[in-house]
Amino acid sequence: MGNRTLQQAFNAVFHDKESFSDFCSLEQGKHVDGFLYRDRKVYKTSVKYKRFLRFLEKVVLRHLATNANVVHSYIKGKSALTAVTAHSENSAFFLTDIKSFFQNITEIDVRNILDRDKNLVPILDFEYYIPYLAKIMTWDDSIPAGFPTSPQISNGFLLDFDNALHDFCKANELTYTRYSDDIIISGKHKEQLIFIKDIVQDLLHNYASKNLIINIEKTRITHTGNKVKILGLIITQKGRVTIDSKYKRTIESLLYFYANDRNRYDDLLQNKFDGKEQSLFGLLHYVKATDPAYLVKLQRKYGLLSLRKLMEDRWSGGR
């Protein structure tokens, strides 16, 4: 255990810019605003509340136990790319996700996670604050999308499930990774995956929550020879992980016209991204993160200076 209290940790982070008594008496209703985004309820917090939640994410939640062999979401050095690359040498793939994942992690679940890992959190009086912290990290009895604390809680929540499924897959020569609520299992032969859907569902119920159900509409088994698309990335028949060809066509068309015909570039940018270079900026940085070898190819083909100019963050202060 650590040698400082939660209040001492709070003061070390905020340096008297925020009050610990305000933190301990937060009226959530005054700091939370919900809105719909793509048919999903997302919650926005006040600046003060967000600061408090980020403090908890940094001081408490990064110490929660997770299965490092499995989890690739919300962890430094891991990403969708690492989650998919782990499967690149296999030929058959089972893909699914968990229905309404965040919504089905309750305040009691959060209390149980914090209690389970209390000895990992370096705060002397941490156990005393567990009920209150579980309360302010949930809203309407779930961990909301939009709270900075929700991603790490979701990682920790599935620890026992991840361990059980990882052990099963290892014993059966299968590979398992998870990116948030996306579950990926692969093997050398399609026959290995015939009964995996039922096994995953049983393990979710037995080791996580009876409320968690895999999304049948998004559950599928595929294999090399088909287009293997996982988390927006493609595994080629040669086992290389790359971005989808439709994004490549868009990027290469834009880069060609950027170098050769600015009017055509502006027209295509308008057609693809409503004229916003920020979207091309985002797509190029997505390539940088997921397929750096392809970015090098683009630099050779269209010029390093053009790529560098388009990847500069010129929009942080508005254009």
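Burial, salt bridges and strand pairing

Me: Why is D198 called partly exposed?
Reply: D198 has a relative accessible area of 45% in this predicted model. Buried means under 20% and exposed means over 50%, so a value in between is called partly exposed.

Me: What makes the contact of D198 and K197 a salt bridge?
Reply: The side chains of D198 and K197 come to 3.4 Å, N to O. The limit for a Lys or Arg nitrogen and an Asp or Glu carboxyl oxygen is 4 Å, so the pair qualifies. K197 is itself partly exposed, because its relative accessibility is 33%.

Me: How do you know that K118 and D115 form a salt bridge?
Reply: Their N to O distance is 3.2 Å, which is within 4 Å, so the pair counts. K118 is partly exposed at 21% relative accessibility, and D115 is partly exposed at 37%.

Me: What makes R51 and E18 a salt bridge, and which parts of the chain does the pair link?
Reply: The closest N and O atoms of R51 and E18 are 2.7 Å apart, which is within 4 Å, so this is a salt bridge. The pair links distant parts of the chain: R51 lies in helix 3 and E18 in the loop between helix 1 and helix 2, 33 residues apart. A network of salt bridges links E18, D22, K48 and R51. The structure has 14 salt bridges.

Me: How do you know that the buried residues of helix 1 lie on one side?
Reply: L6, A9, F10 and F14 are the buried residues of helix 1 (residues 6–14). They cover an arc of only 115° around the axis, which puts them on the same side of the helix. In general, an α-helix has 3.6 residues a turn, so residues three or four places apart point the same way. Helix 2 (20–24), helix 3 (47–59) and helix 6 (126–136) are among what covers the buried residues of helix 1. Just after helix 1, H15 has a positive phi of about 50°.

Me: What makes the length of helix 11 agree with its number of residues?
Reply: Helix 11 (residues 262–273) has 12 residues, which at 1.5 Å a residue should span 16 Å. Its end C-alpha atoms are 15 Å apart, which agrees.

Me: Which residues of helix 11 are buried, and how do you know that they share a side?
Reply: Y265, L268, L269 and F273 are buried in helix 11. Their arc around the axis is only 105°, which puts them on the same side of the helix. Exposed residues N263, D267 and N271 are on the face turned away from that buried side. The cover of the buried residues includes helix 10 (245–260), helix 12 (277–290) and helix 14 (304–311).

Me: Why is strand 5 called mostly covered?
Reply: Five of the six residues of strand 5 (residues 182–187) are buried.

Me: How do you know that strand 5 pairs with strand 3 and with strand 4?
Reply: Pairing needs at least two bridges; strand 3 (residues 92–97) has six to strand 5, so these antiparallel strands pair. Strand 4 (residues 175–179) has five bridges to strand 5 and is therefore paired too, also antiparallel. S186 in strand 5 is the bridge partner of F93 and of T175.

Key. Residues numbered from 1 in each chain as written. Predicted model: local features only at pLDDT ≥ 70, side-chain atom pairs only at ≥ 80, totals over all residues. Heavy atoms only, no water. Buried < 20%, exposed > 50% of the residue type's maximum accessible area, 1.4 Å probe, protein only. Helix = DSSP H or I, 4+ residues; strand = E, 2+ residues; numbered from the N terminus. Arc of directions from axis to C-beta. Contact = heavy atoms within 4.5 Å. Expected span 1.5 Å × (residues − 1).
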